[in-house]
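The following note sets out points for a colleague who is examining the model. The sequence and structure come first, and the numbered comments follow.

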Amino acid sequence: MNSTNAMNVPDFSYESRPVRVVFRPGAATAASADEAGRLGLRRLLVVCGRQGAVTARAVATSLGSLCAGLHSEARMHVPVEVADRAVEVAHAAGADGCVAVGGGSAIGLGKAIALRTGLPLIAVPSTYAGSEMTSVWGLTEHGVKRTGRDPAVLPRSVVYDPELTLSLPPALSVTSGFNAVAHAAEALYAPDTSPFVALMAEEGVRAMTSALPRVVADPEAVGPRSRALYGAWLCGSCLGATTMGLHHKLCHVLGGAFGLPHAETHTVVLPHALAYNAPAAPEAITALNRALGTDNAPHALWDLAGRLGALRSLAQLGLTDDDLTVAAGQTAAEAYPNPRTVTMGGALEVLRAAYAGRSPRAAALA
Ligand code: NAD
C-alpha cells in the first residue's frame, strides 16, 4: 500500500469473510450451544489437546445432547496421523460439525477435520495465536509441514471467552501475544494489505501490547485478559486477510526444520525481522510506532519482551551457530512477498541478530 499524498487512498482489494464472532466472558460454555443451534448442527465432535481437556469437557457438557463426543488428541503442527485418526472419530460419531477448544494446535486439528470432511467448524480459542480467523490449514508429514488456504476450514463461528485465557501462564501469554503482534506487523506491509487491515493491525498491536504488562502483573484479572484477546482477534483477522513475509517464513523454517517452539520463536525473531524490513516499509513502521508510543518499534518490541520476562535470543531457544546458515539458506530459497528483497546475506543478518539477542537498535548502530 503506497501513498505519497496523505489525501490519496491507495488502491486495494479486500475480501470480507463470513465468520460470526461472539466475544464475552463466560461465552465458551454459555454461547457454544447457541452457535451450534444457529448453524443447525445437532451432533458436534469437540476436539482439544490433552492439556486442554478439562476446559473442553466443560464446553462439551454445555452442549448437552448436541455433543457427539470429545477427542483430546490435538498436537502441535497437526501430524497427519493425528488428523487421520480424528477424521475416523468424527465419522464414527456421526458428527455433523466440530468444536475446537484450545490454542492453534486444537484449532488446527479442527481445521484438518473440516478440510477432509467439509464439516463446519466452531472455534473456541484459548491462546492469542489467531488461527481461528484464517482459512489457512497446516499438516505435518515426515517432519515437513504443508500449509494451504481453503475456505472450508475457516470457522463458521468463533467464540472468544476471556475467562478461558485466565489459565494461560503469564510466560505463554506474553509469547502468544507477540505471535499475534507479528501477524499485524507483517499485515501492515503485506502486498494485499488495505486501509481496513491497517486499522485493525494498528489497533490490534496497541491493544495487545498495552494489555500484556497488566496480564503479567495480574494474570487472574479479566479486564486485561479481555483486552489481550480483543487484540488477538484483530491481529488474527489481519493474518487471515493478508500474505505474510520474511518474519513468518523465518519462524516457519525455525519451527519446521529445527523444532523451535512456535510462540517463543515469534517473540525472539520479530524485532529483528522488522528492523531488517524497516527501510523498505516506512508506513508500516510509522503505524507500529503510533501503536507502541515510540519512535523505534523494533527496539520497543525487543524491550517489551525483555521487561515481560520472555527469552530474546535464538541461542536460548536451543539453536546452534551452525544452524544459522542452514536456516538462512532455506529462508532465502523460498518465494514469498516481502517489502525488502531477502538475500542469503539478509536472512543471515536477521538470524545472527536474533541469535545474539541484542537490541535491534544496537545491531543497527554496530
Ligand atoms: P498450542 O495450541 O500448541 O498451545 C500451546 C500450549 O498452551 C499447549 O500446551 C496448550 O495445551 C496450552 N494452552 C492453550 N491454551 C491454554 C490455556 N488457556 N491455559 C493453559 N494452557 C493452555 O499453541 P499456539 O501457540 O496456540 O498455536 C500454535 C500452533 O498453531 C502452531 O502449530 C501454528 O503453526 C498454528 N497456527 C496456525 C495458524 C493458522 O492460521 N493456520 C495461525 C496461528 C498458529
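1. Asn296 counts as buried because its relative accessibility is 19%, and the cut-off for that class is under 20%. The residue sits in the loop between α10 (282-292) and α11 (297-307). From there, the side chain of Asn296 reaches the backbone nitrogen of His299 at 3.1 Å. Please bear in mind that the model is a predicted one.

2. An N or O atom in the side chain of Gln51 is 2.5 Å from an oxygen atom of the ligand. Polar backbone atoms also take part: one of Leu164 is 3.0 Å from a ligand nitrogen, and one of Leu168 is 3.3 Å from a ligand nitrogen. The ligand taken alone exposes 860 Å², and the protein buries 80% of that.

3. The structure contains 11 salt bridges. One of them joins the side chains of Glu15 and Arg17, at 3.9 Å from N to O. Glu15 is classed as exposed because its relative accessibility is 55%, whereas Arg17, at 31%, counts as partly exposed.

4. A further salt bridge pairs Glu334 with Lys249, whose closest N and O atoms are 3.0 Å apart. This pair links distant parts of the chain: Glu334 lies in the loop between α12 (321-333) and α13 (344-356), Lys249 belongs to helix α8 (residues 246-258), and the two are 85 residues apart. Lys249 is buried, with a relative accessible area of 16%, while Glu334 is partly exposed at 38%.

5. Arg352 and Asp321 also meet through their side chains in a salt bridge (3.8 Å, N to O). Here the link runs between helix α13, which holds Arg352, and helix α12, which holds Asp321, across 31 residues. Arg352 is partly exposed, with a relative accessible area of 42%, and Asp321 counts as partly exposed at 42% relative accessibility. Elsewhere, salt bridges with shared partners join Glu202, Glu203, Arg206 and Arg290 into one network.

6. Leu199 is located in helix α6 (residues 195-217) and counts as exposed, at 62% relative accessibility.

Conventions. Residues numbered from 1 in each chain as written. Predicted model: local features only at pLDDT ≥ 70, side-chain atom pairs only at ≥ 80, totals over all residues. Heavy atoms only, no water. Helix = DSSP H or I, 4+ residues; strand = E, 2+ residues; numbered from the N terminus. Buried < 20%, exposed > 50% of the residue type's maximum accessible area, 1.4 Å probe, protein only. Polar contact = N/O pair within 3.5 Å; in protein donor to acceptor, adjacent residues only side chain to side chain. Areas by Shrake-Rupley, 256 points an atom, 1.4 Å probe, with all protein chains shown as cover. Salt bridge = Lys/Arg side-chain N within 4 Å of Asp/Glu carboxyl O.
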